[in-house]
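Look at the model below before you read on. This report covers its salt bridges, then a strand, then the cores.

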Amino acid sequence: MPNYPRLAKTPLSILELAHSRQGGTVEEAFRNSRALAQRAESLGYKRFWLAEHHNIRGVACSATSVLIGYIANATSRIRVGSGGIMLPNHAPLAIAEQFGTLESLFPGRIDLGLGRAPGGDPAAAQALRGSLHGPDDDFPALLDELRRYLGEPHPSQQVHAYPGEGTHVPIWLLGSSDFSARLAGRLGLPFAFAAHFQPGPLLPALHIYRSSFRPSRVLDRPYVMVGIPILVADSDEHAQFLATTPIQMFLNLIRGVPGPLPSPTGSLEWTVQEREMVAAKFGAAIFGAPEHVAARLNGFLEETQADELIVVTNTYDFADRLRSYELLANLANHRREDPEVVAKVEAQDATLQNKWAVRD
């Protein structure tokens with residue numbers, strides 16, 4: 001049977017939010033993050049990134065730089081970074097010093113992914129920012145200031161990042177729209193799109209990034225990483241059952257009652273409108289058995305031409321999450337195409353989606 005050539009050459013990475021689960025603790029979530037990073041390193045994953053979120057019960061990655069140090073200290077080769085730091089929440093000098101410190105401690109292993117969203121609700125953003133930035137924050141200006149602190153010093157420069165100066169920590173721009181896509185293209189920076197929660201604008205944003213790209217000292221060609229929810233289990237049915245955990249997670253966010261990861265369920269009680277809203281969030285999601293995921297994932301890569309994937313997997317039990325990443329890594333190294341699988345994918349999708357009954 002022929003290989004999937006696109007899938008075979010695409011690096012895989014992991015995006016981590018340090019979710020706690022119902023009945024669990026934050027300490028458990030941190031220990032699981034560390035164990036996952038160590039296992040990911042042994043499985044050949046390229047990066048392990050941690051997000052920045054605030055005021056969301058059940059999500060423990062608010063002190064992103066601290067967690068990056070915790071994970072980097074527990075691993076030895078995998079790249080560790082932010083996916084991302086929400087730059088308007090911080091003074092650029094503070095981020096330059098934090099990531100300069102991390103780069104000095106773990107040279108050649110730190111990534112600095114940057115976003116411009118608040119990473120939480122408006123009240124949390126106000127509490128974080130205070131008078132730090134006005135209502136008309138200029139993300140490009142903040143980015144330029146940060147890059148100057150991490151670059152080589154200039155004779156007229158009065159403020160320096162110690163440590164940080166001259167480290168040239170790799171910077172990525174993250175986005176869920178065309179703003180950062182356009183900016184990343186103009187600056188010649190790598191771009192990561194958040195299709196794990198906003199898949200709709202993915203293809204237009206990638207087109208804008210690639211068409212506006214200007215070569216820089218960082219990159220001579222565009223480089224795209226796409227975030228995508230993936231859950232692999234030993235059967236399609238079990239994967240769909242486990243996927244009711246992240247589905248409930250988004251449903252709770254939509255209802256305004258975020259919380260720890262709930263246990264999976266055999267049935268979901270939601271309205272048609274709620275189901276449509278959740279489906280929009282999971283438009284790029286791939287849940288299933290290995291052969292199903294391989295076929296779907298190969299098609300996704302052909303469509304997006306992504307250079308790298310950063311995967312989000314949320315399950316209630318850590319063992320299921322670890323198993324999913326192990327099965328995915330196995331696909332990345334040993335995948336084979338079954339012609340019958342490709343023909344069945346659309347029919348399977350329709351059948352499995354109907355298992356989530358909607359109750360008004």
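A salt bridge is a side-chain nitrogen of Lys or Arg within 4 Å of a carboxyl oxygen of Asp or Glu. Arg31 and Glu27 form one, with 3.4 Å from N to O. Both residues lie in helix H2, 4 residues apart, about one turn of the helix. Helices (H or I, at least four residues) and strands (E, at least two) are DSSP runs, numbered from the N terminus.

The model is predicted: local features need pLDDT of at least 70, side-chain atom pairs count only at pLDDT 80 or more, and totals for chains, interfaces and linings use all residues. Residues are numbered from 1 along each chain as its sequence is written, and side-chain values use heavy atoms, with hydrogens and water left out. Here pLDDT is the predictor's confidence in each residue, from 0 to 100. The chain averages 90, and 89% of the residues score at least 70.

**Salt bridges**

The structure holds 14 salt bridges.

| Pair | Closest N to O |
|---|---|
| Arg21 and Glu28 | 3.3 Å |
| Arg221 and Asp307 | 3.3 Å |

Arg221 lies in the loop between helix H8 and strand S7, and Asp307 in the loop between helix H12 and strand S9, so the pair ties together parts that are 86 residues apart in sequence. A network of salt bridges links Lys46, Arg47, Arg79, Asp111 and Glu308.

How exposed are these side chains? Buried means under 20% relative accessible area, exposed over 50%, and partly exposed in between (1.4 Å probe, protein chains only). Glu27 is exposed at 53%. Arg31 is partly exposed at 38%. Asp307 is buried at 17%.

**Strand S4**

All 6 of the 6 residues of strand S4 (residues 110-115) are buried, so the strand is largely enclosed by the rest of the structure. Ile110, Leu112 and Leu114 cover one side, while Asp111, Gly113 and Gly115 are on the other. Two strands pair if DSSP finds at least two bridges between them. S4 runs parallel to S3, joined by 5 bridges. S4 also pairs with S5 in the parallel sense, over 3 bridges. Leu112 stands opposite Ser82, and its partner in S5 is Ile171.

**Cores**

A nonpolar core is a set of buried Ala, Val, Leu, Ile, Met, Phe, Trp, Tyr and Cys residues joined through side-chain atoms within 4.5 Å. The largest has 85 residues, and Leu112 and Leu114 are among those with the most contacts inside it. A second, separate core of 16 residues includes Ala239 and Phe287.
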